[in-house]
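Here is a short briefing on aromatic side chains and their surroundings. Keep the structure open while you read.

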Amino acid sequence: MTTANTVLSPAKRRPVSWGNPLTYALALAVAAVSITPVIYVVIGGFRTTPQIVANPAALPDPWVFDNYIRVLTESNFWRQAFNSAVVSLGTTLGVVALGVSAAFVLARYTFRGREVLYTFFTLGLLFPAGAAILPLYLMLRDLSLINSYYAVILPQVAFSLPLTIVILRPFLSAIPRELEDAAAIDGTGRLGFLWRIMLPLARPALVTVGILAFVTSWNAFLLPLLVLGDASLHTLPLGVQQFSSQYSSDTAGILAFTSLAMLPALLFFTFAEKQIVGGLQGAVKG
């Protein structure tokens, strides 16, 4: 009779599977294609324009910090960063609040036309935002919202809701009904159940939709370009264009400005990578 402390012999140990080498090669190729441009832009900011012209693929020699210092000491950069933060945070809050409310109703309530309504939201994923730019601009103009944060925040919330609901609904549907029944017995209403139980359990999905909404809003260019004519309201993507036009011959400075403009999005993805993967996996399982 074997005991619990019996150690398996080397011959009986399960062999380690390293997967298909082709899979690793493909993953490395995709990672290289995605990361290499980012690394090039960041490192390019530590070079001078003559260095880049002489040898575009070389490393900085010597490393130059003046480009980043010059960008960080410009008042326009910080004003545009503030505008981007206001627009992105406002969009994220709107997307999460409205998305979780709609997903909660579609996941936990039973009513006629529920699946039709969910299909309607799903079809929103197929609608190109660029096709609505002209009528959207006219509508915002009639509402006197042009040259305001609302002109960017409200449309971005609307365009982000379909994906948000598609991700959140499976998470909220997967929470057992027994928990809701137990909460009802304790005197907790449906809103209390949503706030106290469902939202903490759906945290990975909430983080996922929040990060996606924030990054999408931070990188938005076309909509702010059309509705923010006031330079004091320009976001960082518009600031990159303005800086590039103003200093078209300063390639290194443009790379430094671009690096700093995309830094928040990179940090969000870096620190919330596991949450994003978990949220998307839950959506697929649902």
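A charge sits over a ring if NZ of Lys or CZ of Arg is within 6 Å of the ring centre and within 35 degrees of the ring normal. Arg169 lies over the face of Tyr118 in this way, at 4.3 Å from the ring centre. The model is predicted.

**Charges over rings**
- Besides Arg169, which lies over Tyr118, Arg70 has its charged end over the ring of Tyr247.
- The distance from the charged end of Arg70 to the ring centre of Tyr247 is 5.9 Å.

**Aromatic pairs**
- The whole structure holds 10 aromatic pairs.
- Phe46 and Trp63 form a tilted pair, because their planes stand at 55°. Their ring centres are 5.4 Å apart.
- This pair links distant parts of the chain, 17 residues apart. Phe46 is in the loop between α1 (21–44) and α2 (49–54). Trp63 is in the loop between α2 and α3 (66–72).
- Phe46 is buried, with a relative accessible area of 18%. Trp63 is partly exposed, at 46%.
- Phe120 and Phe121 pair edge-to-face, with 6.2 Å centre to centre and 70° between the planes.

**A ring cluster**
- Ring pairs join Phe77, Trp78, Phe243, Tyr247 and Phe257 into a cluster.
- Tyr247, one of the cluster members, is also the ring under the charged end of Arg70.

**Phe120 and the surface**
- Phe120 belongs to helix α5 (residues 114–123).
- Phe120 counts as exposed because its relative accessibility is 58% and the cut-off is over 50%.
- Val105, Phe111, Leu117 and Phe120 make a nonpolar surface patch of about 350 Å².

Methods: Residues numbered from 1 in each chain as written. Predicted model: local features only at pLDDT ≥ 70, side-chain atom pairs only at ≥ 80, totals over all residues. Heavy atoms only, no water. Patch = residues over 30% accessible without salt bridge, like charges linked within 9 Å, V, L, I, M, F, W, Y side chains within 5 Å. Areas by Shrake-Rupley, 256 points an atom, 1.4 Å probe, with all protein chains shown as cover. Salt bridge = Lys/Arg side-chain N within 4 Å of Asp/Glu carboxyl O. Helix = DSSP H or I, 4+ residues; strand = E, 2+ residues; numbered from the N terminus. Buried < 20%, exposed > 50% of the residue type's maximum accessible area, 1.4 Å probe, protein only. Phe/Tyr/Trp six-rings, centres within 6.5 Å; stacked < 30°, edge-to-face > 60°.
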